[in-house]
Amino acid sequence: LNTASVAEVSYSKARRLVVLETGEALFDVEKDGRPFLVEAGSSRTTALGTAFSVQTREEHVSVVLVEGSVSVSELGPQRRMLGLFPARREEGARTVLEPGQRLVMTPGHASQVETVNTAAALAWQTGILQFDDMRLDEVIDELNRYSETKLVLGDSALGKERISGGFPAGQQDAFARNLTYLLPVRIEQTGQEIRILPGTNATDP
């Protein structure tokens with residue numbers, strides 16, 4: 001499990017089920033005759049003898065396949081049938097992934113499959129967070145999961161800036177300093193809050 005992640009596990013004679021409530025998890029699945037299912041948001045990933053990661057953040061779900069094969073389907077709303085618990089959910093069309101692919105699901109939008117560097121996508125296991133042409137506000141949301149010191153954008157327009165690179169998790173001050181070399185911004189720190197503001201950093205010549 002990655003930082004700030006919560007999962008519920010339910011094993012039976014018929015199946016192995018993990019419900020990822022929030023965060024991110026890497027699964028290395030052994031074959032034992034029972035399907036291995038991971039539900040996150042409105043998605044269900046089915047695997048049997050494979051390695052993959054699942055991340056859920058707000059309404060977005062992404063699945064990265066490292067090895068083997070998985071199928072990912074969209075789940076309908078929960079419906080209680082004949083008083084049974086848990087409520088059953090209808091399963092939609094399935095997308096089968098190949099190693100090195102990531103599926104991104106967002107409610108109301110078509111699912112997207114893209115090729116990724118799996119080592120970079122799973123770099124969080126080594127304490128490095130890897131970003132590839134990602135919006136700054138999304139990067140900050142991810143970094144803030146790993147530290148009590150929070151990065152805050154002083155201007156929402158800065159959130160549209162895009163950056164790439166690998167940054168150590170939990171080192172907010174180091175990220176903020178590096179950001180002043182990448183973008184025309186300055187930083188102000190008060191207690192456990194680091195504000196990122198437009199303009200040249202006061203420490204620059």
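Helices (H or I, at least four residues) and strands (E, at least two) are taken here as DSSP runs, numbered from the N terminus. The model is a predicted one, in which local features need pLDDT of at least 70 and side-chain atom pairs count only at pLDDT 80 or more, while totals for chains, interfaces and linings use all residues. Residues are numbered from 1 along each chain as its sequence is written, and side-chain values use heavy atoms, with hydrogens and water left out.

On that basis the protein has three helices and 15 strands. Its C-alpha trace spans about 65 × 35 × 30 Å along the principal axes. Residues are called buried under 20% relative accessible area, exposed over 50% and partly exposed in between, using a 1.4 Å probe and protein chains only. Of the 205 residues, 40% come out as buried. A contact is a pair of heavy atoms within 4.5 Å. Taking contacts between residues at least 6 apart in sequence, 44% join residues at least 24 apart.

Ala7 sits in strand 1 and is partly exposed, with a relative accessible area of 31%. Once neighbours within four places in sequence are set aside, Ala7 is in contact with Leu1, Val18, Val19, Leu20 and Glu21. Ile196 lies 189 residues from Ala7 in sequence, and the two C-alpha atoms are 33 Å apart in space. Ala4 belongs to the segment before strand 1 (6–11). Ala4 is not a glycine, yet it has a positive phi of about 55°. Its relative accessibility is 46%, so Ala4 counts as partly exposed.

Asp133 is partly exposed, its relative accessible area being 44%. Arg135 has its place in strand 11 too, and at 26% relative accessibility it counts as partly exposed. Not counting residues up to four places away in sequence, Arg135 touches Gly159, Lys160, Glu161 and Arg162. Gly108 is 27 residues from Arg135 in sequence, with 21 Å between their C-alpha atoms.

Next comes the helix pair. Axes are lines fitted to C-alpha atoms, for helices over the stretch in contact, and angles run from 0 to 180 degrees between N-to-C directions. The axes of helix 2 (residues 136–143) and helix 3 (residues 172–182) come within 11 Å and cross at roughly 165°. Angles under 35 degrees count as roughly parallel, over 145 as roughly antiparallel, 65 to 115 as roughly perpendicular and the rest as oblique. Helix 2 and helix 3 are therefore roughly antiparallel to each other. Their crossing is right-handed, a label used if the near helix is turned clockwise from the far one by less than a right angle, with anticlockwise being left-handed.

On the helix 2 side, the residues that meet helix 3 are Leu136, Val139 and Leu143, and their partners in helix 3 are Gln172, Phe175 and Leu179.

Thr190 has its place in strand 14, but it is exposed, with a relative accessible area of 62%. The C-alpha atoms of Thr190 and Ala110 are separated by 42 Å, the two being 80 residues apart along the chain.

As for the aromatics, rings of Phe, Tyr and Trp (its six-membered ring) pair if their centres lie within 6.5 Å, with planes under 30 degrees apart counted as stacked, over 60 as edge-to-face and the rest as tilted. The structure holds four such pairs. In one of them, Phe167 and Phe175 have ring centres 4.9 Å apart and planes at 85°, so the pair is edge-to-face. Phe167 and Phe175 are both buried. Elsewhere, ring pairs link Phe27, Phe36 and Phe52 into a cluster.
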